[in-house]
Amino acid sequence: MTNNNIVWHDQSLTKEERRKKNGHHSAVLWFTGLSGSGKSTVANAAARRLFDQNVSTYVLDGDNVRHGLNKDLGFSDEARKENIRRIGEVAKLFVDGGQLVFTAFISPFREDRDTVRALLNADEFIEVFVECPIEKCEERDPKGLYKKARAGEIPEFTGISSPYEAPETPELVVNTDTYSVDECVDQIVEYLKQKNML
Ligand SMILES: Nc1ncnc2c1ncn2[C@@H]1O[C@H](COP(=O)(O)OS(=O)(=O)O)[C@@H](OP(=O)(O)O)[C@H]1O
Ligand SMILES: Nc1ncnc2c1ncn2[C@@H]1O[C@H](COP(=O)(O)OP(=O)(O)O)[C@@H](O)[C@H]1O
């Protein structure tokens, strides 16, 4: 649905000016993975490591965003699609603002992640697959949700009663069953350095 009375207004500051001021590139690091795979932990640890190196970062997390902007959304396929669509647009604003934004959402559907990718330039979207076998995620179960899902108390639970489509060609894979949080962060920072984004 488009409204011809809504006219785009160019801003007084450009993305390039903001990047120059910050001294680094701006982009979305899109963390995707099962519940309990380590998205929030690794994303926050990476944001902290880079912040301590004077990089302007921000983390958008599924759990948190669903308390505010997306509190009207559930976990049906359509609701998850809308969740990711909205966050993709928000993340784009952060990129325009000159920040490295880390999004930590299960984002189970390839089509939805590709929709976000298409919003941004090629060097502004980095898909980070947070790989962890569901057995390990279930063993961790920090919020007890797998136990509830197995008991039938949570419908449409990713990996149990709702699908997860793993990335086929992510820019980066961090395996949290094999590597520690710090080692995962090392891999992320090394990637950004190799791409001259820092
Ligand atoms: N049905 C169902 N399926 C999956 N996850 C569920 C569900 N209900 C609640 N939760 C909790 O919500 C977090 C996932 O929200 P997301 O916004 O990341 O999900 S999605 O991207 O819209 O699929 C997820 O948080 P993380 O564990 O941090 O991934 C869960 O704790
Ligand atoms: N690389 C890792 N190695 C070991 N445990 C991890 C690692 N990353 C995350 N964890 C642990 O896994 C659990 C789930 O992490 P969390 O960040 O909440 O996952 P998600 O955001 O994907 O649901 C937490 O107990 C966390 O401490």
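I began with the ligand, in a predicted model where local features need pLDDT of at least 70, side-chain atom pairs count only at pLDDT 80 or more, and totals for chains, interfaces and linings use all residues. Residues are numbered from 1 along each chain as its sequence is written, chains are lettered from A and ligands numbered from 1 in the order in which they are written, and side-chain values use heavy atoms, with hydrogens and water left out.

I looked up K143 and found an N or O atom of its side chain 3.0 Å from an oxygen atom of ligand 1, a polar contact in the sense of a pair of N or O atoms within 3.5 Å (within protein, one must be able to donate a hydrogen and the other to accept it, and residues adjacent in sequence count only if both atoms are side-chain atoms). I also noted a polar side-chain atom of S35 at 2.7 Å from an oxygen atom of ligand 1, and a backbone N or O atom of I106 at 2.9 Å from an oxygen atom of ligand 1. The protein covers 92% of the 630 Å² of accessible area that ligand 1 has on its own (Shrake-Rupley method, 1.4 Å probe).

I then asked which residues of α2 are buried, meaning under 20% relative accessible area with a 1.4 Å probe and protein chains only. I found K39, V42, A43, A46, A47 and L50 to be buried in α2, and they lie on the same side of the helix because they cover an arc of only 130° around the axis, taken from the directions from the helix axis to the C-beta atoms. These buried residues of α2 pack against β1, β2, β3, β4 (125-131) and α8 (181-194).

From there I went to T57, which lies in strand β2 and counts as buried because its relative accessibility is 13%. Its side chain reaches the backbone oxygen of A47 at 3.4 Å. Leaving aside neighbours within four places in sequence, I found T57 in contact (heavy atoms within 4.5 Å) with A47, L50, F51, Q99, L100 and F102.

Last, I checked α4, where the buried residues include N83, I84, I87 and V95. The buried residues of α4 pack against several elements, among them α1 (15-22), β1 (27-32) and α5 (110-119). After α4 comes G98, for which I noted a positive phi, near 90°.

Key
Buried means under 20% relative accessible area, exposed over 50%, partly exposed in between (1.4 Å probe, protein chains only). Helices (H or I, at least four residues) and strands (E, at least two) are DSSP runs, numbered from the N terminus.
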